[in-house]
Amino acid sequence: MDQNHNGDNQNPKLNQTTSNDYYYKKKNKIPWYQSCLIPFLSGIVGAVLILALYIGGTKIMDVVNNYNDEAKITKAPANEKGGNIKDNKSSNKSVSKMIEEVSPSIVGVINKQKASGLESFFEGKSSGESGDSQETGTGTGVIYQSDKNSAYIVTNNHVIEGANEIEVRLHNDKSVKAKLVGTDVMTDLAVLKIEGNYNIKPLKFADSSKVKAGETVFALGNPLGLEFANSVTQGIISSEERTMNVQTSEGVTEATVIQTDAAINPGNSGGALIDLNGNLIGINSMKISRSDVEGIGFAIPSNEVDNIIKDIMDDGKVTRPYIGISMISINDIPSQYKKELKLTTDKGVYISEVDEKANNGLKKDDVIIEVDGHNVSDVSDIKNYIYKEKKPGDKITIKYIRNGKEHNTNITLKEQN
């Protein structure tokens with residue numbers, strides 16, 4: 001599947017071989033961004049999909065047009081910290097029983113599109129004419145909110161992108177038509193709504209900032225489509241956080257992800273990564289797919305999913321404050337490159353690029369150590385703070401290290417385009 005990277009990494013620029021293949025972008029001569037990323041396009045196979053994506057250009061018809069519903073995400077109890085030992089030690093509940101209890105909140109998501117372009121031509125239809133919507137791909141979703149009238153589902157944006165109909169397949173094999181509440185291409189998340197009372201207990205959200213490398217996790221979803229629905233794979237947290245550049249349909253964006261070695265396959269996109277207590281710690285989104293690589297998958301952290309869901313349910317989109325920099329967590333930089341970059345601290349965020357129009361007083365090679373008096377250990381500390389507490393137009397104070405000395409700068413946050 002990796003047609004352009006054969007181990008020599010001589011051409012580290014962002015490449016895209018097909019609509020399904022995303023790659024790291026090399027930044028500042030730091031070669032760990034040279035690996036290839038493959039977002040799971042959720043079992044979407046064949047020329048029908050390629051034609052639909054590139055020729056069809058249709059939009060989803062069933063969109064929820066009011067955003068007055070309040071996000072009611074259920075948080076896991078603070079004493080349930082996941083890890084490798086079940087917190088409810090007084091219970092004899094097995095892992096299989098836990099999986100059985102949370103599985104109903106995991107659903108299939110079916111992307112349907114109308115035939116168009118060459119497909120219509122081969123079917124003898126004139127230009128612009130199309131028939132019934134056809135299934136072009138499947139993925140997974142997670143029910144995070146439900147009541148007697150409706151249920152809300154979070155999935156990956158790329159699972160439903162390009163669809164003009166969305167169908168949800170429940171755990172009991174019942175199919176329900178879904179409406180799109182909103183999407184966020186940058187984090188590859190989308191929120192769906194289904195009408196009715198399905199008596200399904202929503203998945204609880206754990207605090208993803210508390211996960212540790214080595215903790216046991218499970219990936220729930222529909223690998224290779226609904227034929228293998230309700231599959232479970234087991235692994236560990238390989239890294240608590242990675243920050244990488246990923247190609248999306250709207251350009252390159254930075255993604256903050258949790259790394260896991262739990263097996264994740266096409267069709268798992270939008271599914272749940274859960275801990276031993278059955279609480280959500282991430283939404284499975286992508287993996288490295290190369291012949292010489294195994295067990296490197298990524299999930300969008302539950303804390304970020306929480307914030308994005310709330311923004312989408314507020315007004316159907318996400319409005320982000322923007323500092324005007326590209327960032328890398330120092331703990332993600334290998335030790336040999338730390339020496340090359342002459343870093344004087346083991347914690348903080350390294351600035352790898354600065355938007356010339358930002359006028360924020362920061363420079364490439366600066367290291368951010370505080371925002372508004374809050375210590376900064378990694379990129380998620382900054383993102384979680386400004387996305388949750390701030391809006392465009394607000395001011396923040398950043399403490400940073402430049403040439404071994406500490407400085408402060410006041411920045412007015414702009415709206416990210």
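This is a predicted model: local features need pLDDT of at least 70, side-chain atom pairs count only at pLDDT 80 or more; totals for chains, interfaces and linings use all residues.
What share of the contacts in the protein chain with a separation of 6 or more comes from residues 24 or more positions apart? I looked it up: 66%. A contact here means heavy atoms within 4.5 Å.

Residues are numbered from 1 along each chain as its sequence is written, and side-chain values use heavy atoms, with hydrogens and water left out.

Next, the whole chain. I found 7 helices and 22 strands; these are DSSP runs numbered from the N terminus, with at least four residues (H or I) for a helix and at least two (E) for a strand. The chain has 417 residues, and 52% of them count as buried, meaning under 20% relative accessible area with a 1.4 Å probe, protein chains only. The chain exposes about 19500 Å², an area from the Shrake-Rupley method with a 1.4 Å probe. Carbon and sulfur atoms supply 44% of that.

Then I zoomed in on β7 (residues 175-184). Two strands pair if DSSP finds at least two bridges between them. β6 (residues 165-169) pairs with β7 in the antiparallel sense over 4 bridges, and Ile166 stands opposite Ala178. Their hairpin has 5 residues between the strands, and Asp173 takes a positive phi near 75° there.

On to β8 (residues 189-195), which pairs with β7 over 5 bridges, also antiparallel. Here Asp184 stands opposite Leu189. This hairpin has 4 residues between its strands, and Asp188 in the turn has a positive phi of about 60°.

How values were computed. Buried means under 20% relative accessible area, exposed over 50%, partly exposed in between (1.4 Å probe, protein chains only).
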